[in-house]
Amino acid sequence: MTDGPASSNGAQSLWGVDLHLGYHGVAVVQGATITLRPGTVTVLVGPNGSGKSTLLRALARLHPIAAGAVHLAGGTAAAGLPAKEFARRVTLLAQSRPVPNGVTVRDVVGYGRHPYRGRWRADDRNGPAAIARAMDVTGVASMADRPVDELSGGELQRVWLATCLAQDTPVLLLDEPTTFLDLRYQVEILDLVRDLADDHGVAVGVVLHDLNQAAAVADEVVLLHDGRVRATGAPAGVFTEQALTETYGIRIEVTTDPDSGLVTTRPVGRHLTRIPA
């Protein structure tokens, strides 16, 4: 993969303040505050059911907010923006999407250009270049003419990521983007996430389950537990043995490399304490 596309829309912050979210009257997220800054990768971590994906969807205006508010740069209320205007600023790679039958990879990636199109595709002069660039950086250009319903899970995940990149927004939300990917593409996707933040000023919010991946890619982590933000900050400050052990309900050892400062976590089960012969 190569470096990611530069956003044409300029730097943009996104933040949610005192968010309360739920499903059918049952509280899922309570009083969460989160800020995504330009050029910064913010990773949401926590056990299943802690509210990570719900919080990300609320930032993308895809989940109703019972209380609190989401804002963009300049204090603009996200809820007050027209749909196309919001889609030019924020995009979300969701966990699952319907797979269209008989539609090519190139056309699916082109869906990402919908905020820029009027009635005729010719209105989107930057579209073809943005689509080609997004397919290139995600490694799907060689399958541009293949129907997406013939792809493997890992291939399809990269196509959906390309669709988000083609949307060319200054805020990018990713819900478990490494799902279904083998190790090589997990690493390359996380490298791309860092490129987008470091080289193009994109504000990235991403849900990850792998704590070591989170520690390696994040500028800031948000640790959620039972729908509440337990801690926010740099991985070295948030990923403590006490906080992780209490949050996940299993002993988790934490080590920090003295030279790089990189944090590594290790869950300790009954069979993971044995010393190899």
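Predicted model: local features only at pLDDT ≥ 70, side-chain atom pairs only at ≥ 80, totals over all residues.
The protein chain contains 9 helices and 12 strands. Its radius of gyration is 19 Å, close to the 19 Å that the globule rule gives for 277 residues, so the chain is as compact as a globular protein of that length. Along the principal axes, the C-alpha trace of the protein chain spans about 60 × 50 × 40 Å. Of the 277 residues, 49% count as buried, and the accessible surface of the protein chain comes to about 13,000 Å², with 52% of that area belonging to carbon and sulfur atoms. When contacts between residues at least 6 apart in sequence are considered, 66% of them join residues at least 24 apart.

The largest nonpolar core comprises 53 residues, and the members that touch the most others within this core are V43, V105, V109 and F239. Helix α5 gives the most to this core, contributing 8 residues. Apart from this core lies another, of 28 residues, which includes L19, V171, L173 and V222. For V105, the contacts, not counting residues up to four places away in sequence, are with M135, V140, M143, A144, R146, V148, L151 and V159.

Helix α5 (153-167) has 15 residues and reaches 22 Å from its first C-alpha to its last, which is close to the 21 Å expected at 1.5 Å a residue. Of these 15 residues, 14 are buried, so α5 is largely enclosed by the rest of the structure. Just after α5, D168 takes a positive phi of about 55°.

Helix α4 spans residues 127-137, and its buried residues are G127, A130, I131, A134, M135 and V137. These buried residues pack against three helices, namely α3 (105-110), α5 (153-167) and α6 (183-200). G127, which has its place in helix α4, counts as buried at 2% relative accessibility. The C-alpha atom of G127 is separated by 9.5 Å from that of H114, the two residues being 13 residues apart along the chain. After α4 comes G139, whose phi is positive, near 75°.

An open sheet of 4 strands is arranged in the order β2-β1-β4-β5, and the pairing in this sheet is antiparallel. The edge strands are β2 (26-36) and β5 (76-77), each of which pairs on one side only. Strands of a sheet pair through backbone hydrogen bonds, either parallel or antiparallel. Between strand β4 (residues 67-72) and β5, which run antiparallel, there are 2 bridges; the bridge partner of L72 in β5 is T76.

Positive phi values also occur in loops. Most residues other than glycine have a negative phi. R61, although not a glycine, has a positive phi of about 65°. This residue lies in the loop between α1 (52-59) and β4, and at 30% relative accessibility R61 counts as partly exposed. F180, likewise not a glycine, has a positive phi of about 75° and lies in the loop between β7 (171-175) and α6. With a relative accessible area of 60%, F180 is exposed.

Note on methods. Residues numbered from 1 in each chain as written. Heavy atoms only, no water. Buried < 20%, exposed > 50% of the residue type's maximum accessible area, 1.4 Å probe, protein only. Contact = heavy atoms within 4.5 Å. Core = buried A, V, L, I, M, F, W, Y, C linked by side-chain atoms within 4.5 Å. Expected span 1.5 Å × (residues − 1). Rg over C-alpha atoms; globule rule 2.2 N^0.38 Å. Areas by Shrake-Rupley, 256 points an atom, 1.4 Å probe, with all protein chains shown as cover. Pairing = 2+ DSSP bridges.
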